[in-house]
Amino acid sequence: MEKKSTGHTVYQQIRRVSVLGILVAMVLATGAGLSLNLLQERRIRDDTLTTAVQAVSHTLTITNADDVELVMEYVDRTVHGISGIDLFAVYDTDGTPVYFCDITESGNDASTLETLDKALMERLAANDQALLDNAQAPRGADHCAYAAVRRPDGSIKGYVMAGLYIRSIRDTGMRTLGIYILIGMAALSVGSLLSLRLAQRIKSDLLGYEPDAFRDLFLRRMELLDALDEGLLAIDREEHIIYINRAAAEMLSFDKETVIGKPLSQVYPQSTIPRVLDTEQPEYNISLESLHHVRILSDRMPVRRDGQIVGAVAIFRNRTEVANLARELTGVQHIVEAMRAYTHEFMNKLHVILGLLQLGEAKQAEDYVLQLTQTRALSVGRISQSIADPSVAALLIGKSCRAAELGVRLTLDPESHLSADTHFLPASGMITILGNLIENAFDAFGNAPSDTLHEIGISVRESEHGLILSVDDNACGMPEEVREHIFERGSTSKGEGHGTGLFLVKSIVDTYGGEIRVESTQGVGSSFIITFRPPQAADT
């Protein structure tokens with residue numbers, strides 16, 4: 001028996017793997033994004049620094065250098081209006097600092113700065129563009145940009161510097177990292193929620209089973225469906241075959257492995273199964289065209305999911321087998337066989353009479369006819385007087401002819417009596433019981449010695465207290481291990497195609513509340529005694 005998951009191991013693993021995947025993706029994405037962002041921040045810092053020194057150097061180029069105080073006031077206002085820099089300095093022609101502004105700490109003591117390196121001044125003099133050089137950065141600064149201030153004639157008038165402190169760069173990096181961590185945590189939370197919903201969805205789709213248990217359950221169900229005698233065929237909304245079991249494949253002469261996934265119209269053009277997709281109504285006992293002389297009855301019904309038609313399933317039953325079983329249940333087959341035996345015996349007697357006439361033995365032929373007439377009339381008359389139901393009487397008369405053909409003496413108990421309207425058992429059930437038991441006795445003589453007289457005794461006794469049917473034979477009898485299984489379906493020693501007669505007898509006896517007793521002795525014979533009592537007697 002399959003068990004649903006209790007620890008939810010697989011679903012927890014799904015959630016863990018999903019969260020781990022999200023975490024790895026978040027780390028990779030955060031690392032890549034942070035790297036790109038820091039590179040972008042660096043470019044922005046460089047552009048800010050170079051733009052600041054270039055703007056001030058251009059301004060100083062066109063400003064009157066004699067009014068130093070006015071120039072420094074302008075520079076101070078300009079520097080404080082530029083965002084993205086921490087400090088700014090102005091140097092004279094010799095590289096001596098003449099102005100310094102620490103924006104972060106509001107300091108302006110130029111004496112704290114060192115004189116510019118001659119190599120740096122030579123590089124600035126040789127280049128009209130701003131230069132980035134961290135080697136000359138003031139104490140505490142990490143990133144600086146320098147530019148030369150020129151007179152109108154191109155000579156060097158001085159130098160300017162803009163820089164950033166290490167702490168500013170670190171603060172920017174930490175702020176960026178914090179933003180990415182917050183984004184990553186939000187993504188992790190959303191991912192965890194989605195992974196939980198995914199695990200719940202999978203669990204719901206698997207009806208609460210663990211995947212391995214669901215797989216085993218699915219395979220076992222498929223094996224059970226393949227073991228059915230009824231055929232099953234399922235199609236989807238697009239009329240493609242999505243399942244067919246062994247019985248349906250055999251009935252329809254399909255290759256089970258090759259038809260899956262194919263359109264039904266391609267492999268079975270005359271099928272009307274898709275009709276239920278349009279009508280949305282089930283259909284029952286639909287007769288299909290004969291396929292290899294097999295008559296089939298089909299039930300088909302639409303398959304719904306959430307109120308929508310998603311496909312259809314058809315159930316096939318072999319109508320040939322059903323018809324044969326119906327004939328056995330109603331006793332028609334026994335009546336037909338009895339009449340056939342009667343006809344065969346009658347033809348044999350006619351051949352004897354014809355032979356006597358051809359030999360000129362008219363008197364002997366006349367005596368033979370009179371003897372036959374008296375014997376048959378006596379036999380038929382005894383059965384007709386004892387058995388009022390015509391169908392049961394016809395069965396016994398036919399079986400007596402069959403017995404004579406086989407060399408078996410079949411006798412009806414003189415005390416037998418059956419009314420025409422017995423309420424213990426319908427005539428069809430009685431025909432099935434007597435017909436199968438008599439035929440079973442005929443078959444038993446196949447293993448009996450041939451040098452003894454083969455006899456079958458039949459008794460049908462009806463009274464207000466009940467109905468008793470018995471069939472006795474003097475064949476070889478049955479061993480105990482055989483007698484224990486004779487009423488099981490398929491239990492037979494006569495080969496394939498047999499084994500339903502006694503099963504049907506037992507089924508009818510059980511249906512009408514009867515009792516069956518079997519007495520058998522090896523080398524002596526067997527007796528089947530069946531008793532039906534009135535409902536009142538049965539209750540007590």
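Modeller: A contact here means heavy atoms within 4.5 Å. By that criterion, residues 24 or more positions apart account for 58% of the contacts with a separation of 6 or more in the protein. The model is a predicted one, in which local features need pLDDT of at least 70 and side-chain atom pairs count only at pLDDT 80 or more, whereas totals for chains, interfaces and linings use all residues. Residues are numbered from 1 along each chain as its sequence is written, and side-chain values use heavy atoms, with hydrogens and water left out.

The protein has 17 helices and 15 strands; these are DSSP runs numbered from the N terminus, helices being H or I with at least four residues and strands being E with at least two. Of its 540 residues, 38% are buried, where buried means under 20% relative accessible area, exposed over 50%, and partly exposed in between (1.4 Å probe, protein chains only). The protein exposes about 30900 Å², of which carbon and sulfur atoms supply 55%; accessible areas come from the Shrake-Rupley method with a 1.4 Å probe, and for residues only the protein chains shown count as cover.

The part in question is the loop between α6 (246–252) and α7 (256–259), where S253 is placed. Most residues other than glycine have a negative phi. S253 is not a glycine, yet it has a positive phi of about 60°. S253 is partly exposed, with a relative accessible area of 41%.

F254 lies in this loop between α6 and α7 as well. A pair of aromatic rings is described by the distance of the centres and the angle of the planes. Rings of Phe, Tyr and Trp (its six-membered ring) pair if their centres lie within 6.5 Å; planes under 30 degrees apart count as stacked, over 60 as edge-to-face and the rest as tilted. The count by this rule comes to one aromatic pair. The centres of the F254 and Y268 rings are 6.1 Å apart and their planes stand at 75°, so the pair is edge-to-face. This pair links distant parts of the chain, 14 residues apart, with Y268 in the loop between α8 (264–267) and α9 (275–279). F254 counts as buried at 14% relative accessibility, and Y268 counts as buried at 4%.

D306 lies in the loop between β9 (296–305) and β10 (308–318), and D306 is exposed, with a relative accessible area of 78%.

Strand β9 also contains S298, which is buried at a relative accessible area of 0%. Leaving aside residues up to four places away in sequence, S298 touches E283, Y284, N285, I286, L288, A314, I315 and F316. Its side chain makes a polar contact of 3.3 Å with the side chain of R300. A polar contact is a pair of N or O atoms within 3.5 Å; within protein, one must be able to donate a hydrogen and the other to accept it, and residues adjacent in sequence count only if both atoms are side-chain atoms.
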